[in-house]
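Hi everyone, thanks for coming. I'd like to walk you through one structure today, so please have the sequence and the 3D view open.

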Amino acid sequence: MSELPKGWCWVNIEDISERIHYGYTASSKNIPTDTKLLRITDIQDNSVNWEAVPFCEISEVERQKYLLTKGDLVFARTGATVGKSFLIEGDIPETVFASYLIRIILFKSIFEKFVYNFFRSESYWEQIHEKQVGTGQPNINSTVLSQIKIPLPPLNEQRRIVAKLDSLLGRTRKAREELEKIGKLCDRYKQAVLSAACSGKLTADWREQNTDIENTSELMERISISRRKQWEEIQIQNSKVLGKTLQGESWKTKYKPSEVINTHELITLPHNWSWASVDSISTKVVDGVHKKPNYVETGIPFVTVKNLSRGDGISFDDIKYISVEDHEDFVKRANPERGDILITKDGTLGITKVIRTSQVFSIFVSVALVKPVCYEMSDYLELAFSSPLLQKQMVGTGSGLMHIHLIDLRRYSLPIPPLTEQKEIVRRVEKLFKAIDTIQQETQKAFKLCDRLEQSTLAKAFRGELVPQDPDDEPASVLLERIAAEKQQAAASSPKSRTKTPKTKQLTLDDI
């Protein structure tokens, strides 16, 4: 323990607490009762939406044991947010706290906001990380929490420190709020860029200077011819595999031309652009295997939605593997290749990534595979699928987990510019996105700077360097003597009883 200013002393949390105990074990209910049940998941970003907190059934005797009041401190004792604290302030509805939370009730002579600020400091978190137990599910218990050490100044100095912290940390909080606005603006700007790119606005000046280019109708005619030719080649190849020979020309009548889309409700495109269905520019639109495979320790990577939703490109980190034999069976349906387009179609909808790797892999049913007839269009198609024009078409169906059906995906309408303009669109979007990414990177640096500034301020506060000491302040040791006397008096006046550990039951995630 470091040396403290005169009048300060080191104490354990239990030395300044009336009570440290676990919450009430009950299932949460959406049907209103007289009492709400605060859970770990209800505390987000250091705030609680009290209207969204569920209810519970509880007797009046039990309710009085667990009812939250102003000045209470509650802690997450398990899960991803283990150790996070929340201070009950202001007017709240009648609420008890759930069993995966721990409550600390401080003595009235301790300024609760001072202690709460300590629970945000690196000194606190270092102690938590040293003492927390559990491997698969990190957790802390009330005993561990009671032994956390805190530097305690005189009560008047506690108030001065909190007042100074409110002022300084209020500035960093406002800075964070402004930085969050920048992040949201960057996301909106990217969507605006994609919208302009796929409506022709982004390259309007380019078209004025490049009038002698191929019309999209000529491009679509070439795609149509190539699409049919590739289909015929696949039929011939498949027949050879089966040891058969296609006779005559009748087999060619089985070819299904793409559907003509209705452009009535679509936006007007530049005169040399055209609308096309996803099916019309693709040789194949399928999804991955419809059964859960048998995973192996090493083998062929198996791509699911999570591998498309992490950063740029396809993430092969934290991926599962299937056997070579299963992969060879799965690719008969969906064979991902460089230049193909992957789209998430179950749960998280519409995340689009072009395959830019030679890595061999298979895909799950939650991922759709689009094979473009013309691979020169792949980069543009990735932008088009990610644009608001296409995203608003990706309306999933289902009561729980949302799905995009392949029949609908094939009918989605794509704005198709000439091939040379597609390349210019991709170039301009990449340039603009690079500038936006730079802003976002600087924003993240500023967030980290706010974190460091906040922790530096808290460290100064709990070293006694944030506000001047007043020699006339009553020392913390005298305050502790009074608290010890209060504890002795309370113990003497209450009947001795053994504290029984409440019986627990298996809880669901909704109860946490």
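Let's start with two helices. Helix α9, residues 378-386, packs against α12 at an angle of about 60°, and their axes are 9 Å apart. Those axes are lines fitted to C-alpha atoms, for helices over the stretch in contact, and angles run from 0 to 180 degrees between N-to-C directions. Why quote two values? Two packed helices are described by the angle between their axes and the distance between the axes. The crossing of α9 and α12 is left-handed, meaning that the near helix is turned anticlockwise from the far one by less than a right angle (clockwise would be right-handed).

Which residues meet there? From α9 we have D379, Y380 and L383, and from α12 come Q422, I425, V426 and V429. Contact here means heavy atoms within 4.5 Å. And a word on names: helices (H or I, at least four residues) and strands (E, at least two) are DSSP runs, numbered from the N terminus.

Some housekeeping before we go on. This is a predicted model, where local features need pLDDT of at least 70 and side-chain atom pairs count only at pLDDT 80 or more, while totals for chains, interfaces and linings use all residues. Residues are numbered from 1 along each chain as its sequence is written, and side-chain values use heavy atoms, with hydrogens and water left out.

Now, the inside. In soluble globular proteins, nonpolar side chains tend to be buried together. A nonpolar core is a set of buried Ala, Val, Leu, Ile, Met, Phe, Trp, Tyr and Cys residues joined through side-chain atoms within 4.5 Å. Buried means under 20% relative accessible area, exposed means over 50%, and partly exposed is in between (1.4 Å probe, protein chains only).

The largest nonpolar core here has 46 residues, and L381, F385, L409, L414 and V429 touch the most other members. Helix α12, residues 419-461, gives the most to this core, with six residues. Apart from that one lies another core, of 42 residues, with C9, L73, L106 and I483 among them.

Let's zoom in on L414. You'll find L414 in strand β20, residues 413-416. Is L414 buried or exposed? Buried, at 0% relative accessibility. Leaving out residues up to four places away in sequence, the contacts of L414 include W275, V278, L381 and F385.

Next, a residue in a loop: S109 sits between β9 and α2. S109 counts as buried, at 16% relative accessibility. Again not counting residues up to four places away in sequence, S109 touches L155, L479, I483 and E486.

On to the charges. Side chains of opposite charge can pair when their charged atoms come close. A salt bridge is a side-chain nitrogen of Lys or Arg within 4 Å of a carboxyl oxygen of Asp or Glu. How many salt bridges does that rule give? The count comes to 31.

Take R63 and E94, whose side chains meet at 2.5 Å, N to O. This pair links distant parts of the chain, 31 residues apart: R63 is in helix α1 (60-66), and E94 is in the loop between β7 and β8. R63 is buried, with a relative accessible area of 13%, whereas E94 is partly exposed at 40%.

E454 forms another salt bridge, with R120, and the closest N and O atoms are 3.9 Å apart. E454 lies in α12 and R120 in the loop between α2 and α3, so the pair ties together parts that are 334 residues apart in sequence. E454 counts as buried at 13%, and R120 as partly exposed at 25%.

There's also a network of salt bridges, linking D205, E424, R427 and R428.

Last stop, a sheet. Four strands make an open sheet in the order β2-β9-β6-β7, with antiparallel pairing. Its edge strands are β2 (17-22) and β7 (85-87), each pairing on one side only. From one strand to the next, the twist averages 20°. Two strands pair if DSSP finds at least two bridges between them; β2 and β9 (residues 101-106) have five. Look for H21, whose bridge partner in β9 is R103.
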